[in-house]
Amino acid sequence: MNFDLDTTRSLADLNAAFTRRQFFRKTATGLGVAALSSLLGPRAFGAGTASQPPVSPWRIAPKAKRAIYVSFIGAPSQVDLFDYKPGLKERFKEDLKDWLKKQGERLTGMTAGQDKFPLAPSIFKFEQHGKSATWVSELLPWHAKMVDDLCVIKSLHTDAINHEPANQLVYTGSMITGKASIGSWLAYGLGSMNEDLPTFVVLHATHSSPYSNVQAISSRLWGSGFLPGKYAGVALRAKGDAVLFLKDVPGISHELRHKMINGIARLNQRSFEVFGDPEIQTRTQQYEMAFRMQASVPDLTDLSRENEATYELYGPEVKQRGTFANSALMARRLVERGVRFVQIFHRGWDQHGDLPRDLASQCKDVDQGCYGLIQDLKQRGLLEDTLVIFGGEFGRTIYCQGKLTETDYGRDHHPRCFTVWMAGGGVKPGFSYGQTDEMSYNIVENPVHVRDLHATILHQLGIDHEKLSFKFQGLDQKLTGVETAYVVKDVLA
Amino acid sequence: MAGMFSMTRNCTALALIFAMEISASTSSAAATSGPVSFNNQIQPILSEYCYHCHGPDSAARKPKKHPLRLDREQFAFEARDGGKPVILKGNPKGSELVRRITASDDDVMPPASEHKTVKPEEITLVQKWIEEGAKYEKHWSLIPPSRPPVPPSGKGWALNPLDHFVAMKLDDTGLKPNPGAEKARLFRRLSFDLTGLPPSPENLRRFLADKSAKAYETTVDQMLASDASAEHFARLWLDAVRYADTQGIHHDHARTIWPYRDWVIEAFKNNKRFDQFTVEQLAGDMLPGATLDQKIASGYNRLLPTTGEGGAIPEEYAAIYARDRVETTTGVWLGLTAGCANCHDHKFDPISTKEFYALTAFFRNNTQPVLDNPKSGDVEPMVFVPAKEDRERWNLLQKELADEKAAIEERQHRAKPEFEQWVASARAAGAGQSWAPENNALLSLPLIGTNALCEGTMNGTQITWPSAGEFHPGPFGSAPEVAKGEIVTNAEPVIGRKSRVSYGAMIFIEGKPNGAVFSRMDRAQKYRGWDLFLSDGRPTVHMIDEWPDKALKVTAKQTLTPGQWHHVLTVFNGTLKGAAAIRLYVDGMPEELEINNNNLGSNIETQAPFRLGGRSDNQAAADSLSGGKVFLQDLVFFDRAFGPQDAGRLAAKGLLADFLPSSNKSTANTNALFKVFLAAFDEPSRKLQAELETLKAAENKIKSRGSTSLVFEEKTNSEPTAFVLTRGNYAAKGEKVSAATPAALPAMAAGQPHNRLGLAYWLVSRDNPLTARVTVNRLWAHLMGMGIVETTGDFGVMGARPTDQPLLDWLALEFMDSGWDFRRMAKLMVMSATYRQSEKTSPEKLEKDPQNKFYSRAPHLRLDAEEIRDQALATSGLLVQKLGGPPVKPYQPEGVWEDVAMKDSNTRFYKQDKADALYRRSLYTFWKRVAPPPSMEILNAPTREVLCTRRERTDTPLQALVTMNDPQFVEAARQLAARALHNEKTFDKRLDAITEPLLARRFGTSERLVAKDLEENAQQDYAKDLAAAKGLLGVGESPSDEQLPTADLAAWTLVASQIMNLDESLTK
């Protein structure tokens, strides 16, 4: 072979004129440390030491250090869970058609063609629980035990009437595709609190009933949108590798992998000496971090050192990988290790028909897991600075979709009111907020828009939602968008 | 360490924050010398701090009472309440504007609520600008480019005009260009930039050996003319137009539009003029005499994410789609973020909401149903696309089919007199009995007369059974109604799984009957047996082993005409596979069938009796006839499968009889009989028909090899219009607007239609100041690492200013003058000395030009996701180079699709392909929008949900995990190692065989030691643990070279993987 390059000498030998030492001497005198970190650009945030953006004009005093968002995809029925409406039994089957017309209600393509809109009261029993005397449906017996830890907001409302745009609004602040998700905003705005795990982790919990109506979700709900890609959520998976490609392929021992990565570092160092691009060293660091992660993630997912009392909190399914209970425990382990934001997605809450059967199974999937999570956090002293949010993307109609019988009904999408509940992180425990009318149709007191919820979550985590912005397409993009959003001060402890 | 993990969802302006810092510092630096430039220095300040409330958006303009507007000269100097404008030319001290931005009280601008403070150096600039006369300029990108003179700078270095421009800027900054890159390294970068693939060692060797002056140019030409280059530039284009293989919303079903992708590849392969490339995509369907290719190109308009969600409101999505199409088109061609004007007048750029909606009108006048079919992503309008090798034959075939049909029609016309003669003679012969197939039916039930007992023959033996009671005049006499499941015989006739039989009768219906006309079927055995059935009057046949899982059921698409006698015949050939086993003839003509169940078991024989008008034990309501009456005559059962001619002759018998004066004459009957005559008796027609069948068979064969593709179609009965939607809300319709382009840009040429085609021509008109600039800038950014305008997708007021506008304008003019010759522009750029520099950097360069905006060095960039994977495939010899075709599904971790998919999505489960499909170039990988190929996504590929003109490049540990552990990369390392081991004997030569394809060089001495260290350690380990070695070699589906010692191959696999993971391998 007849290469022009002299193959007997290393690249470094060919470039003695420009060495690493020289580079750093020059930069130290010529540029200064601050300039160097900006040269490295946003990548530096991923590079280990600079865990927080250099300037955070949006920071305010935080009440919570971290958050867990439990997302019930498909929209749980508020009327059958928390928003108790007595006195509707007598109005069973009353046709709301004319009344609805007066409301100017948008109907989805699924019920717009119905000739009757019969009122379907919840068939589930409600009782008051705890010192707070909070009404809870019989579907959530474990929630009933912990109502005094919860802050229940019954007056959420949204702009979207179908799942895709509604989920985008709740989880990215806009119905338009391409925006940054809540978790990525938090990662961007707050930085990380740990060296070995992602800042924002996503868990997909399985649902047990084959009948549940399951909606699609997509990674845009935990993506970074216009923010740099490294702020996106990382899925901790229930199948295969917990983190994609984390486990070494067969036949590569820990020692060999270590040796290989050390070699990469040495060879990259030579490239750096030749080409002088500081990014070469950033790349080397990523390999070293990957190696560390290979040790830290298995430790995270190994539940064997949890004690029986903890297992009991979460219920019998906790040891089964991917169940809601298991995800809830994993969420605690993640925040315990310094993960900033954990989001659990549980799908199957879209009860257009067979609501009594399917809502019951959905509730059963999550009820004890939610209880376990809150109690576990409390017992470990983590609840006070961990904000936990539970909820879906909109509410459900009081009128029946499809056939209404004494024992069976379905409910369509309803954007005008829905219930979200929170715990810890400086929100009032044992507190209910907001009221809907006698049919859980319109809000009559203290409406809370989705963007107000966002403002409140950011506020508790120590961010002024007006100031947390990112320049994109010439605009200062914000999670709460262009319209005014309010921190819901009334629910803060 | 925030985000050491990184999943890129999107392609965004990576370094925006830093871009802002740097532009601010350059503007302050410039403040000291020369006159202030409005475009470069003042407008960025005004747009950052003022336009939000004093800019183009009329709704947001303040104060409400007397809004102030600063973005246009005519308004900025209007006298205000005090009688004076806010800017006094030449008098900064007296200007209210200056007072406000320097105020320390509540008067300060921007107000405290905006959380922004004008920096001191910016205030100085504004003051200086006012002092110099406060001259306004139109936004730079909206002024049409003119060709600047080529500057004299760069003597002795410059190789072509571009270099003179670059040299002038470098002179200004005091930087020197780098010397030329080392030859092999340049060749590798060139190969990635032009083809997306690493150079093969053979090509590299040839290039290095070629000492002629033309060596570089020759290789550039070769690369640009290669298929690989077409694929590479197509892939970049697919990012921009957000091409994917699924809908992207809700079900996220697969959609078939890959022929569009292949069209793009073909366009780059043929170096299609960029203006033509534009017009065909925007409006190929509207070109006069649009070709198939032009229609496929119009699929550009179908690339957007769409939905078939049950509750979706069509009007809402129609608005979303129109916005998306405008956003993408203006972003890709014009570099404008027009989408901002969806809800309000654009905050910074001269696009009002009204103008935005006038743009949406161009895309609203189309025939596509708003909501997709809930079951499929393939929604009309679509075209059929024959495979490439069938194209010519297909076109010919269409003509032959048309000719054949014309000939058949012609023959029909001529045959009329013969037909009449034939009928007359048939009448004379007596009901045409003699034409029927030989009268050897196994079962023959004439069903004539009004007796309480019916009569017939079975195997020649007389049989009788009770009649149902009602009668209707039939072709051969009075015909009984069948309704009660009368039993005719108990043991006959028998149909076995592999039997060939034909059975049928003359049938007359009233209403829309449902149920069996006759059958042998056993409910107790899950309906085992067979029948002739009616489904709301449509002839139906069941062949059942076990209902419904092991059964064959077909239904005719047409219903029988009530009140008219029809001949219905079933032909079952159990030796044929699937639904082909059944044919149904009505009046002697084969029926089009709907296949309801298609999974017949192994046994259909039953002991149940043969019944008329019912089935099984006739106890269940579903087993008897309902919904109308059925009369029957001349039922026959043959133990052979009839062909079309016999079917026709059999039908003719009944139809002729019905035609005779004794029964009801009808035109319908005459027509049916005429058809039978042509099909079964008229030799010329039969010959033509047979030819037609042959042609149709050929057509079907081509169809099975081809594909459909989504296309766009303009409505012809309406004009392109749209409503202004208040705040973007689909339900808040405002003024109705016609299709029009924004006023700030040159108008559409006179005579151009105000529709999509007109828009397409306008985009590439000579007057358009943006398209050529935006396109050459994107190409420049691809080759030089940084656009002349950094924000490749935003040439608006908030976008970056060009670092070298004369260069950009020169390139734009050259592009248009060359006849929009894309390849010529690419060649021009890579031929420049600027491109051919080495990528070495120095502290001085890093300090003066950290982002390399002045091109004093070549970029050192990480390869794109596709390039990284394709490099692994190419260097290991796994790459299967085949141009185009349906998307493929290579390795992917389990569960990625299921985690997010809906139950009834047809992309819920990932079914990995086999063999060659695993090793195609990455642009052919199936792109599911909701869950893109994970390795690609981790390596910063966009999701293809929104347009992407510039990919992000971040470094994360997740990327390291991909290139170390993704089976595709491990397998490639193994094959690369196997090649080295197979071809070379010594350690050094083997190492060369790995580094040459990956790095285009050999390792130096100290580098060799690092590789040797790993190889020796691994060798020792694997020699002790062969199972581990085998485990490593078992990754990936391609077989290992059996001749190679296991421990050697495993150790070298690790070495190959190590080198594949070097920065030098992953970058160009």
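The structure is a predicted model, in which local features require pLDDT of at least 70 and side-chain atom pairs count only at pLDDT 80 or more, while totals for chains, interfaces and linings use all residues. Residues are numbered from 1 along each chain as its sequence is written, chains are lettered from A and ligands numbered from 1 in the order in which they are written, and side-chain values use heavy atoms, with hydrogens and water left out.

**Helices α30 and α31, chain B**

Select residues 987-999 of chain B, helix α30, together with residues 1005-1024 of chain B, helix α31. Helices here are DSSP runs of H or I with at least four residues, and they are numbered from the N terminus. The two pack at an angle of about 105°, with their axes 11 Å apart; axes are lines fitted to C-alpha atoms over the stretch in contact, and angles run from 0 to 180 degrees between N-to-C directions. The angle therefore makes α30(B) roughly perpendicular to α31(B), a class that covers 65 to 115 degrees.

Next, display the side chains in contact (heavy atoms within 4.5 Å). Helix α30(B) contributes Phe987(B), Asp988(B), Leu991(B) and Asp992(B), and α31(B) contributes Arg1008(B), Ala1011(B), Lys1012(B) and Glu1015(B). By class, this contact has 3 nonpolar, no polar and 5 charged residues; Asp, Glu, Lys and Arg count as charged, Ala, Val, Leu, Ile, Met, Phe, Trp, Tyr, Cys and Pro as nonpolar, and the others, Gly among them, as polar.

**Cysteines of chain A**

Select Cys151(A): the nearest cysteine sulfur belongs to Cys370(A), 16 Å away. Cys151(A) is buried, with a relative accessible area of 0%, where buried means under 20% (1.4 Å probe, protein chains only). Moving to Cys417(A), the nearest cysteine sulfur is that of Cys151(A), 17 Å away; Cys417(A) is also buried, at 0%.

**Aromatic pairs**

The model holds 63 aromatic pairs over all chains, a pair being rings of Phe, Tyr or Trp (its six-membered ring) with centres within 6.5 Å. Select Trp185(A) and Tyr188(A): the ring centres lie 6.1 Å apart and the planes stand at 70°, so the pair is edge-to-face (over 60 degrees). Both residues are buried and lie in helix α7 (residues 182-190) of chain A, 3 residues apart, about one turn of the helix.

Phe638(B) and Phe642(B) are buried.

Finally, select the cluster linked by ring pairs, which includes Phe233(B), Trp237(B), Tyr260(B), Trp333(B) and Phe822(B).

Key:
Parallel < 35°, antiparallel > 145°, perpendicular 65-115°, else oblique. Disulfide = S-S within 2.5 Å. Buried < 20%, exposed > 50% of the residue type's maximum accessible area, 1.4 Å probe, protein only. Phe/Tyr/Trp six-rings, centres within 6.5 Å; stacked < 30°, edge-to-face > 60°.
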